[in-house]
Amino acid sequence: MSSASDTDRLLAEQLLRLTRRLHRIQKRHMVPLGITPAQSRLLRLVSHYEGEQPPRMADLAARLEVVPRAVTTLVDGLEAAECVRRVPDPANRRVIRIELTDTGRATLRRLRNARTDAAEEILAPLTADQREVLGGLLNALSDAPAERTC
């Protein structure tokens with residue numbers, strides 16, 4: 001009989017394999033949209049600011065936990081695709097904010113559909129009951145408090 005640590009190691013490996021598979025499938029579904037996974041994350045993040053003051057690049061870098069230069073590159077690509085635009089902050093003209101465009105909103109809708117298609121592909125082998133159980137398990141894992149160790 002295997003020990004709990006053997007089971008945990010196996011589960012960790014299975015989760016990692018599933019995560020890699022999900023990323024590959026999502027990426028394949030995104031290719032026709034001309035958006036990279038990183039650009040997709042940035043676009044979704046900018047959309048969360050809709051109805052509020054648009055974010056600064058520094059805000060985006062902090063939320064994505066990347067260096068500001070990485071955000072500049074992502075914004076450049078999304079701006080070239082007309083998904084976002086740089087706008088001056090009305091209170092401080094030296095500050096640039098990032099706004100979602102109508103093209104960006106349409107791209108987000110297509111990205112959501114691509115993510116749904118990818119999820120359906122991953123979940124295809126599961127019955128409705130299995131999907132419900134998996135959803136409960138994933139919620140339990142996602143909602144668990146993060147353990148901080150230093």
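## Briefing: salt bridges, buried spots and a nonpolar patch

L141 lies in helix α6 (residues 128-143), where helices are DSSP runs of H or I with at least four residues, strands are DSSP runs of E with at least two, and both are numbered from the N terminus. This is a predicted model, so to speak only of what it can carry: local features need pLDDT of at least 70, side-chain atom pairs count only at pLDDT 80 or more, and totals for chains, interfaces and linings use all residues. Residues are numbered from 1 along each chain as its sequence is written, and side-chain values use heavy atoms, with hydrogens and water left out.

**Overall layout**

- The UniProt record, an unreviewed entry, annotates residues 8-143 as "domain: HTH marR-type"; positions follow the numbering used here, feature names are shortened, and such annotations may be inferred rather than shown by experiment.
- Over residues 8-143 the chain is 68% helix and 7% strand, and the end C-alpha atoms of that stretch sit 19 Å apart.

**The nonpolar patch**

- L141 counts as exposed because its relative accessibility is 59% (exposed is over 50% relative accessible area, buried is under 20%, partly exposed is in between, with a 1.4 Å probe and protein chains only).
- Together with L15 and L138, L141 makes a nonpolar surface patch of about 290 Å².
- Patch members need over 30% relative accessible area and no salt bridge; nonpolar side chains (Val, Leu, Ile, Met, Phe, Trp, Tyr) are joined within 5 Å, like charges within 9 Å.
- The areas come from the Shrake-Rupley method with a 1.4 Å probe, and for residues only the protein chains shown count as cover.

**Salt bridges**

- The structure holds 10 salt bridges, each being a side-chain nitrogen of Lys or Arg within 4 Å of a carboxyl oxygen of Asp or Glu.
- E121 and R28 pair up through their side chains at 2.6 Å, N to O.
- E99 and R85 form another salt bridge, with the closest N and O atoms 3.0 Å apart. This pair also links distant parts of the chain: E99 is in strand β2 (residues 96-100) and R85 in strand β1 (residues 84-88), 14 residues apart.
- E99 is partly exposed at 26%, and R85 is partly exposed at 40%.
- D59 and R56 meet at 2.7 Å, N to O, in a salt bridge, and R56 is partly exposed at 35% relative accessibility.
- E50, D102 and R105 are linked in a network of salt bridges.

**Buried spots**

- V75 sits in helix α4 (residues 68-80) and is buried, with a relative accessible area of 0%.
- Leaving out residues up to four places away in sequence, V75 touches L42, M57, V84, R86 and I98 (contact means heavy atoms within 4.5 Å).
- The C-alpha atoms of V75 and R97 are 11 Å apart, and the two residues are separated by 22 residues along the chain.
- S40 belongs to helix α2 (residues 37-47) and counts as buried because its relative accessibility is 2%.
- With residues up to four places away in sequence set aside, S40 touches M30, I35 and L111.
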